[in-house]
Amino acid sequence: MSKMQGENGRMSVVAVKIYDKEIIMSADSIIVHGEADKTPVGRGKIFEVNGMLIGTSGFAHEGIHMALFAENHTPLAMNDRELTKWMYEFSEWKAREFGIDKKLENQYIIAYKNKVFYCSGAYIGEVKDFFAIGAGQYYATAALYLGHSPAESVKVACALSCYVDEPIITKSIPRG
């Protein structure tokens, strides 16, 4: 992996905030080719599938594989144990379906059944208020902390990080 591929090899930024009546997630739209070419493609890293919002940062192909997997698979419950099992099932599925390594390369934010979790490899953590992932995560997290919306926080990351780019995509799911 090139050193130019963003912090920890993860491009993009995805930010989420939990409100009383909805969960809102925003992401940038950059796709990077090779070591230095970027293409803002107008679609984000957020997939709305099977009642879930799934945001991803990292390799585009793994994010697409996750969206395909989620079409027919949901976690049994939204807790760290069941989500860990679900992510393991995803890693097995993608290796079987596509003949690729089981290792999970991307970071994910998953909103489902009124809860939000952050997933990075084997680490699963519940999000209680707001969170961001990806190369622009520190800028977005600071903006969220200061009270900005997910879209505004992604805009801040786009202005300050060379590894993220507009347009910004925002999706939401209701709570309750």
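Colleague: What is the relative accessible area of E166?

Modeller: This is a predicted model, so treat every value as computed from it. E166 has a relative accessible area of 33%, which means that E166 is partly exposed.

Colleague: Which residue does E166 meet in a salt bridge?

Modeller: Start with the idea. Side chains of opposite charge can pair when their charged atoms come close. Here, E166 meets K155, at 3.1 Å from N to O. K155 sits in helix α4, while E166 sits in the loop between α4 and β11 (169-174), eleven residues apart. K155 is also partly exposed, at 46% relative accessible area.

Colleague: How many salt bridges does the count come to?

Modeller: The count is six. One of them joins D28 and K45, whose closest N and O atoms are 3.9 Å apart. D28 is in the loop between β2 (22-27) and β3 (30-33), and K45 is in the loop between β4 (37-40) and β5, so this pair ties together parts 17 residues apart in sequence. D28 is buried at 0% relative accessible area. K45 counts as buried too, at 10%.

Colleague: Which helices are tied together by the pair K94 and E62?

Modeller: The side chains of K94 and E62 form a salt bridge of 3.1 Å, N to O. K94 belongs to helix α2 and E62 to helix α1, so the link spans 32 residues of sequence. Both K94 and E62 are buried.

Colleague: Now the sheet. What is the order of the five strands?

Modeller: Strands of a sheet pair through backbone hydrogen bonds, either parallel or antiparallel. This open sheet reads β5-β6-β7-β8-β9, with antiparallel pairing. Neighbouring strands are turned by 20° against each other on average, direction ignored.

Colleague: Where does α1 pack, and which strands does α1 touch?

Modeller: Helix α1 packs on the sheet and touches β5, β6 and β7; its direction makes about 10° with that of β5. Helix α2 lies across β6, β7, β8 and β9, at about 125° to β7.

Colleague: How many bridges join β5 to β6?

Modeller: Four, with the strands antiparallel. V49 has M52 as its bridge partner. Two residues lie between the strands of this hairpin, and N50 takes a positive phi near 55°. On to β7: five bridges join β6 to β7 (residues 107-112), again antiparallel. S57 has Q107 as bridge partner, and G55 stands opposite I109.

Colleague: Is β6 mostly covered or mostly open?

Modeller: Mostly covered: six of its six residues are buried. M52, I54 and T56 point one way, and L53, G55 and S57 the other.

Colleague: What covers the buried residues of α2?

Modeller: The cover includes β6, α1, β7, β8 and β9. Among the buried residues of α2 are W86, F90 and W93. At the start of α2, a side-chain oxygen of N79 comes to within 3.2 Å of the backbone nitrogen of R81. Just after α2, G99 takes a positive phi of about 65°.

Colleague: Last one. Is S153 buried or exposed?

Modeller: S153 is buried, at 0% relative accessible area. S153 is found in helix α4 (residues 150-160). A polar atom of its side chain lies 2.7 Å from the backbone oxygen of P150. Not counting residues up to four places away in sequence, S153 touches A15, A140, A143, L144 and H148.

Technical notes
Residues numbered from 1 in each chain as written. Predicted model: local features only at pLDDT ≥ 70, side-chain atom pairs only at ≥ 80, totals over all residues. Heavy atoms only, no water. Buried < 20%, exposed > 50% of the residue type's maximum accessible area, 1.4 Å probe, protein only. Pairing = 2+ DSSP bridges. Contact = heavy atoms within 4.5 Å. Polar contact = N/O pair within 3.5 Å; in protein donor to acceptor, adjacent residues only side chain to side chain. Axes fitted to C-alpha atoms, helices over the stretch in contact; angles between N-to-C directions. Salt bridge = Lys/Arg side-chain N within 4 Å of Asp/Glu carboxyl O.
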